[in-house]
Amino acid sequence: MAKTIAIVEDDPDQRANYTDAITLKGYKVVAYSNREEALAGFEQSLPDLVILDIILGEEVDAGFQLCRDLLARAPSLPVIFLTERINEIDKISGLRLGAWDYLPKPISLDYLAERISSLLRINEVRAENAETESPTAKRIGALMLDQDALLASWQNERIDLSGTEFRMLAKLVRMPGHAVSYETLMNATMQSLVTNNTINTHMRNIRKKFEKVDPDFAAIKSEYGFGYRWSN
Amino acid sequence: MNPFRAIKGPRLGTKLMLLGLTLLIVPWFSYRQLVEMERLLIQGQSHAQLLTAEGISTLFNGREDLFNDLPVNIEDFENLYAHPLQNPVRMDGKLDDWGEELADQLLHFGSEETGADGDFELLLGERGGLLHVFMRITDANPIYRNPDYLRLDNADHVRLNFIKADGEDGRINITLPQPGVITAYEMDTNWRFAETGNPTNEVQGFFETTPEGYHLEFRLPLSRLGSSRYFGVSFVDVDDPETREVVAITQTLPTAGKESFNLVVLRSPELLNIIQGLGYSGARILVIDSEKRVRAETGSSLTVVTESAPPSAFRAFRLIFQEIRPFIHWITTFEEWQPIRSPPEASEEIADAAITASLAGNPISLRRSISEFNEIIIAAHPIVSRDAVIGTVVVEQNIDEILSFQRSALEEVILLSILSLFAVFIALLAFAGRLAWRIRNLRREASAAIDQYGRLRTSFLQSEITAGDEIGDLARSVSNMLSKLHQHNTFLENMPRTLRHEINNPLNTLSTSLQNLAEENPEVRDSKYLASAQRGVARIGSIVQNLADAANLEESLQAEELEIVDIDQFLNSYVANCRLTHPECEFVYRGPGHKVHAEVADYRIEQLLDKIVDNAIDFHRANSSIRIQLDTHHDDLQITVANRGPMLPAKAESSLFDSMVSHRGPQNRLHFGLGLYVVRIIAEYHGGFVRAINLADGSGVAIMVQLPVVEQQFEPAVAERIIPDVAAR
């Protein structure tokens with residue numbers, strides 16, 4: 001049975017493009033243009049994954065509100081923000097609400113499709129074996145990464161990373177002790193417009209998340225003018 | 001540079017001071033007014049005096065009888081002036097009761113040298129219709145009359161000859177029998193025998209003998225002399241008691257043997273009676289007949305106004321003022337200062353001129369000074385009778401009061417003018433100072449409201465906003481302008497973000513549509529047009545992103561956390577990494593050889609260096625090295641990135657680090673001039689600054705970033721993270 005993907009986007013062209021592209025990948029797509037419409041639709045049936053724009057018509061925070069409502073109803077529902085609001089503060093508040101990923105426009109449709117399938121798979125895996133250690137898990141010192149479940153833990157403490165952050169970290173730890181260039185890390189984000197600054201921002205967020213668990217965390221090192229290095 | 005900038009107008013204070021100088025008009029006008037007032041007062045006084053003279057003269061018009069008691073023609077006569085006597089005189093041979101002022105009015109007759117035998121001095125007085133005569137006779141051998149002799153000319157005696165009221169000659173012999181009362185006889189034509197045997201009792205007198213001779217005093221009724229008053233006195237000296245021969249006759253008559261007489265001139269009591277009631281304070285009234293004889297006089301003009309002694313400071317001022325008055329006069333009236341006073345010596349001539357003019361029939365008034373500090377006005381008006389001038393009335397009045405009034409008024413005006421000028425100047429100075437201070441403050445604040453890059457620092461002014469005057473208006477309107485500008489600036493600053501926001505949606509539509517197009521039509525997937533369209537989309541996205549990043553830079557910098565970093569290590573690591581990322585270039589790093597700590601956000605410094613190094617790589621000459629150097633000076637560290645290559649255009653140096661300014665030329669369309677702007681913003685955020693210079697040898701360009709140094713005593717834990725590990729790679 002095809003998974004149902006809900007898209008909430010006020011711009012009809014973009015909505016149509018997403019719908020077409022995702023339908024092509026073999027998903028069932030429900031598209032809404034505003035918050036009321038979407039809420040009414042979700043009343044009837046919950047989709048397997050939701051893609052939200054933040055600004056819907058006149059409501060500048062409609063996406064955030066929808067995310068809150070949905071997660072209150074179904075806490076394990078994967079939510080992706082796909083928005084032109086790419087300020088740091090919006091990104092943080094979106095992820096804090098419990099969204100699985102925060103993707104800035106303009107987006108590569110291939111990447112979007114990949115994210116969708118990835119998140120759906122992760123959700124399945126999580127539903128199957130919630131507490132057992134996944135066979136796909138990989139251990140590097142105190143760090144444990146589960147590529148499929150997109151789960152990371154440090155000294156056996158769970159670290160909540162966004163999808164992008166997880167991919168960057170995975171790229172970084174592939175060759176521990178070796179410097180990874182900005183360019184490599186940019187590819188890992190799978191976004192079309194990434195600057196060094198974006199990488200630095202992501203890296204700082206990752207560090208902060210680790211430092212919250214372990215204040216002495218210093219495994220991610222800066223290679224000024226080049227990139228980053230993971231060293232234990 | 002504008003050459004006119006050097007020529008500045010006067011400052012506000014100077015202008016106000018110059019304006020204040022116009023106040024000098026006040027004393028100028030005052031002085032002119034005072035001079036004019038003095039002229040008017042004196043003119044008025046002259047006029048009043050002339051009117052008085054005229055009024056008095058009308059009393060005498062046609063009254064020839066008052067003047068006719070004297071012969072009109074007096075050229076042939078020696079005048080004997082009979083002084084009016086104020087007090088009754090006793091016949092005692094002494095002069096002390098005649099009045100002090102007459103004591104030296106005696107006339108001398110006889111030889112040239114005084115004191116010769118037979119000489120005498122004579123004084124005539126008049127009172128109550130009686131002619132008083134006093135004689136001081138010099139005679140070494142007084143010979144008294146011997147009553148045994150019938151002849152009266154054989155002893156010392158005095159002869160009076162006159163013309164009687166009936167026109168006949170009158171002869172009286174005053175004999176001196178012995179000291180005491182005199183005896184007088186009417187004589188025959190030969191002066192030998194008395195006309196009658198009895199002495200005449202009309203002449204009464206007294207004489208006494210002194211070591212020098214006689215003092216003789218006698219009186220006779222004026223009526224004896226008739227209206228013509230021809231009169232003569234002679235002393236007949238007899239020295240030998242035996243022979244009793246006449247030795248000498250000393251007479252007042254002309255020495256020529258002809259029959260002539262002296263003339264007794266009298267003040268006219270009737271005239272005097274008339275004018276006496278007219279005399280007023282400070283004025284002297286004279287009635288003068290056509291022969292310039294004073295016929296009546298009343299009052300005195302010689303009143304000296306005793307001024308109360310002014311305070312010494314004021315007196316000093318007055319002396320100074322007297323010195324500078326000619327100068328002031330010249331400045332204010334453009335006329336030479338002439339004290340109108342004539343020297344006292346000339347005053348008699350002036351009086352004479354006035355009387356002469358008046359007797360010619362012209363009323364006249366003149367100023368005349370009688371001493372150094374007293375000036376009088378003489379007004380003379382002719383008295384006419386039947387078309388002939390028979391006399392003149394002269395009114396003299398002291399004008400010292402007017403002059404001293406004018407003087408003190410002048411001094412007050414000058415003193416007050418100086419004081420008020422001074423006060424006004426002080427007030428103007430204070431006002432101008434305060435005004436200039438306020439305007440300077442306003443200017444300082446207004447110019448500080450915008451920084452050197454033209455960005456607003458504040459949206460309102462604080463100084464002078466509450467002031468009610470024009471400066472307050474100016475401040476309010478500038479403040480208003482600033483707040484409007486601030487609104488507009490805010491709009492402009494938000495523009496890139498809004499733009500990105502607005503562009504990203506259609507851009508996303510475009511991008512997803514292109515992808516769907518390729519998906520739907522596999523035959524266009526390899527089309528070069530699709531590829532170029534996708535490149536265009538990416539380009540627009542990066543433009544918008546860069547713009548928004550630059551616009552947000554300052555805001556996002558505020559969120560950065562600063563750490564203490566060893567810049568030497570940092571640069572070592574950075575340059576080592578540069579060699580890896582840019583293998584086509586050669587990088588040379590020269591450090592100070594010791595730790596240099598600064599409190600920075602390391603990513604931002606990395607971003608800063610990225611931009612500078614990118615720039616250096618773009619402009620460096622092939623096969624030349626890019627030199628990076630770290631120096632420390634006092635409290636600052638300096639990072640220099642130098643490359644060989646084209647020099648900076650001269651005008652670029654100041655604008656190089658401004659937003660949206662690119663000096664790369666039109667072929668570099670991917671650059672928006674944001675790189676070096678970012679460098680500047682980051683350097684300034686860290687409390688430093690950046691500048692670009694051409695290398696001294698002209699071979700290239702150096703960009704220098706200066707940042708403050710932190711004195712670091714301990715090894716910071718955070719710095720561990722950035723130890724370079726190039727070998728590990």
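How many residues lie between S9(B) and S10(B) in the hairpin they form? Three residues sit between the two strands. The structure here is a predicted model, in which local features need pLDDT of at least 70, side-chain atom pairs count only at pLDDT 80 or more, and totals for chains, interfaces and linings use all residues. Residues are numbered from 1 along each chain as its sequence is written, and chains are lettered from A and ligands numbered from 1 in the order in which they are written.

Strand S9 (residues 204-209) of chain B is joined to S10(B) by six bridges, and the two run antiparallel; strands and helices here are DSSP runs (helices H or I, at least four residues; strands E, at least two), numbered from the N terminus. Thr209(B) has Tyr214(B) as its bridge partner in S10(B). Strand S4 (residues 130-138) of chain B also pairs with S10(B), in the antiparallel sense and over nine bridges, where pairing takes at least two DSSP bridges between the strands. Here His132(B) stands opposite Arg219(B). S10(B), residues 213-221, is mostly covered, with seven of its nine residues buried; buried means 20 or more other C-beta atoms within 10 Å of the residue's own, exposed means 12 or fewer, and partly exposed is in between, with C-beta atoms placed from the backbone.

Strand S17 (residues 375-385) has nine of its eleven residues buried, and ten bridges tie S17(B) to strand S18 (residues 388-398) in an antiparallel arrangement. Val384(B) is partnered with Val389(B) in S18(B). Two residues lie between the strands, and in this hairpin Arg386(B) takes a positive phi near 50 degrees.

Next, the open sheet of chain B. Five strands follow the order S20-S22-S23-S25-S24, with mixed pairing. Strand S20 (586-590) and strand S24 (689-694) of chain B are at the edges with a single partner strand each, so one side of each is left without a neighbour in the sheet. From one strand to the next, the twist averages 15 degrees; axes are lines fitted to C-alpha atoms, for helices over the stretch in contact, and angles run from 0 to 180 degrees between N-to-C directions. S22(B) and S23(B) pair in the antiparallel sense over seven bridges, and Asp631(B) has Gln638(B) as its bridge partner in S23(B). Helix H10(B) packs on the sheet by touching S20, S22 and S23 of chain B, and its direction makes about 170 degrees with that of S20(B). H13(B), meanwhile, lies across S24 and S25 of chain B at about 135 degrees to S24(B).

What about the cores? A nonpolar core is a set of buried Ala, Val, Leu, Ile, Met, Phe, Trp, Tyr and Cys residues joined through C-beta atoms within 7 Å. The largest one has 41 residues, and Leu608(B), Ile612(B), Val641(B) and Val679(B) have the most contacts inside it. H10, H11, H13, S21, S22, S23 and S25 of chain B each supply at least two residues of this core. Setting aside neighbours within four places in sequence, the contacts of Val641(B) include Ile612(B), Ala616(B), Ile628(B) and Ile703(B), a contact being two C-beta atoms, placed from the backbone, within 7 Å. A second, separate core has 40 residues, among them Met135(B), Met187(B), Tyr230(B) and Phe235(B).

Chain A has an open sheet too, with five strands in the order S2-S1-S3-S4-S5 and parallel pairing. S2 (28-32) and S5 (101-104) of chain A stand at its edges, each with a single partner strand, so one side of each has no neighbour in the sheet. Neighbouring strands are turned by 20 degrees against each other on average, direction ignored. Strand S1 (residues 4-8) of chain A pairs with S2(A) in the parallel sense over five bridges, with Ala6(A) opposite Val30(A). Helix H3 (residues 62-73) of chain A lies across S1, S3 and S4 of chain A, running at about 175 degrees to S4(A).

Finally, the interface: 36 residues of chain B are in contact with 28 residues of chain A. H8(B) gives the most to the side of chain B that touches chain A, with twelve residues.
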